[in-house]
Amino acid sequence: MILSIFVAGLPSVAFGEKMPNKTTKEEILEEDKAEEKRLKENKAPVEKLAKEEAVEEGEESQAPSKEEEFNQILAALKENISRLEEEIVKLKKENRRISKVAEQGIGEKIPVLMYHHLYNGNLKESPFKNNSAVISVDMFKEQMKYLHDNGFYTATLEELERFLNKEIPLPKKTVVITFDDGYYSNIEYAYPILKKYGFKATIFVVGNKAKNASKDHNLKTGTLRGLSYEDMNKTSDVFDFQSHTYDKHHRIDNRAALLTLTKEEMLEDFTSIKEELNTRYFAYPFGAYNGTVIEALKETGHALAFTIKSGYVTVNSPKYELPRFTISPLTSLEKFKNIVNQK
Ligand SMILES: [Zn+2]
């Protein structure tokens with residue numbers, strides 16, 4: 001600073017006159033040293049000046065305070081803890097699976113159960129008396145109690161995928177529980193029952209229905225309250241949410257809407273729901289599919305797809321044509337026992 005004022009204050013002529021015209025080596029060295037000294041002296045004040053300017057511009061206030069820094073560390077720790085807690089839950093389930101395999105032996109035929117809406121009351125006196133897809137909450141309760149009391153293991157779809165890839169064994173008494181369409185009754189009634197028994201299940205939801213989830217049942221129009229994304233978040237400790245298309249859960253001229261689409265339209269639909277829920281598994285609406293649907297599922301990163309054909313999943317089942325057992329009002333407890341016990 002001092003130097004710059006000094007230099008600036010010198011008349012240009014005087015400066016020019018003082019320009020040295022060194023010739024000897026010694027003189028050049030001397031000049032170099034002086035130059036170095038000038039640079040050093042100059043550097044410090046410039047740095048200081050830059051800092052002062054920064055303070056004036058308020059940059060200092062943008063640096064995190066001690067409290068903010070502490071809060072950041074705390075948030076990172078909390079994130080770590082919840083990640084570890086998730087890991088513990090996963091390991092506990094893994095442990096349960098392995099000990100059941102040791103106790104029961106390896107399962108070869110896995111029944112995947114398919115449910116829809118659950119009605120809380122007497123079905124025969126309800127608007128669903130002729131609906132083969134709706135069962136009563138009591139019936140569901142009885143079936144889950146049977147599974148629990150008899151040591152059944154509920155596999156997730158991720159585990160079923162690994163079973164099909166021959167990566168893990170599943171216990172002899174394994175079932176996979178699935179619900180189609182995404183009805184609020186699934187979390188209202190099934191969720192507490194499943195949670196009580198430590199069971200897992202999958203709900204195949206229709207993406208755009210979840211986005212605009214109806215808040216009420218309207219039995220006159222046949223609209224049942226749907227699941228919102230918020231509902232899904234709250235119950236993700238029991239359920240995982242997978243694809244039943246984004247908005248192709250209807251018929252066009254008696255044909256499943258999905259089958260009327262071009263492959264590009266299928267890709268668009270499957271991508272839309274994947275973006276919302278990061279889906280990996282799929283259930284065909286009305287069980288309808290063809291080769292193009294399967295291609296589109298593969299191209300959008302869906303690893304398994306379920307039909308509504310009856311039968312057990314084995315390691316030889318085609319991954320995009322997996323069978324499921326429909327649980328209907330006609331499925332007596334005896335029939336249910338036969339299904340899950342592979343009879
Ligand atoms: Zn459906």
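Which residue in β5 is the bridge partner of Tyr153? It is Thr174.

Before going further, the model is a predicted one: local features need pLDDT of at least 70, side-chain atom pairs count only at pLDDT 80 or more, and totals for chains, interfaces and linings use all residues. Residue numbers start from 1 along each chain as its sequence is written. Helices (H or I, at least four residues) and strands (E, at least two) are DSSP runs, numbered from the N terminus.

Let me stay with β5, residues 174–181. Eight of its eight residues are buried, where buried means 20 or more other C-beta atoms within 10 Å of the residue's own, exposed means 12 or fewer, and partly exposed is in between, with C-beta atoms placed from the backbone.

Now the partners of β5. Two strands pair if DSSP finds at least two bridges between them. Strand β4, residues 153–154, pairs with β5 in the parallel sense over two bridges. Strand β1, residues 110–115, is also parallel to β5, with four bridges, and there Tyr115 stands opposite Phe179. Strand β6, residues 201–205, pairs with β5 in the parallel sense over four bridges. Phe179 turns up again here, with Ile203 as its bridge partner in β6. From β5 the chain crosses through helix α7, residues 184–197, to β6, and this β-α-β crossover is right-handed; that is, with the strands pointing away from the viewer, the path from the first strand over the helix to the second runs clockwise.

Helix α7 also packs against something. The axes of α5, residues 137–149, and α7 come within 10 Å and cross at roughly 15°. Axes here are lines fitted to C-alpha atoms, for helices over the stretch in contact, and angles run from 0 to 180 degrees between N-to-C directions. The two helices are therefore roughly parallel, the term for angles under 35 degrees. On the α5 side, the contact residues include Phe140 and Met144, and on the α7 side Ile193 and Leu194; contact means C-beta atoms, placed from the backbone, within 7 Å.

Last, the backbone angles. Most residues other than glycine have a negative phi. Lys166 has phi near 60° and lies in the loop between α6 and β5. Lys166 is exposed, with 8 other C-beta atoms within 10 Å. Asp253, in the loop between β8 and β9, has a positive phi of about 50°. Asp253 is exposed as well, with 6 C-beta neighbours inside 10 Å.

Terms used:
Angles under 35 degrees count as roughly parallel, over 145 as roughly antiparallel, 65 to 115 as roughly perpendicular and the rest as oblique. Two residues are in contact if their C-beta atoms, placed from the backbone, lie within 7 Å.
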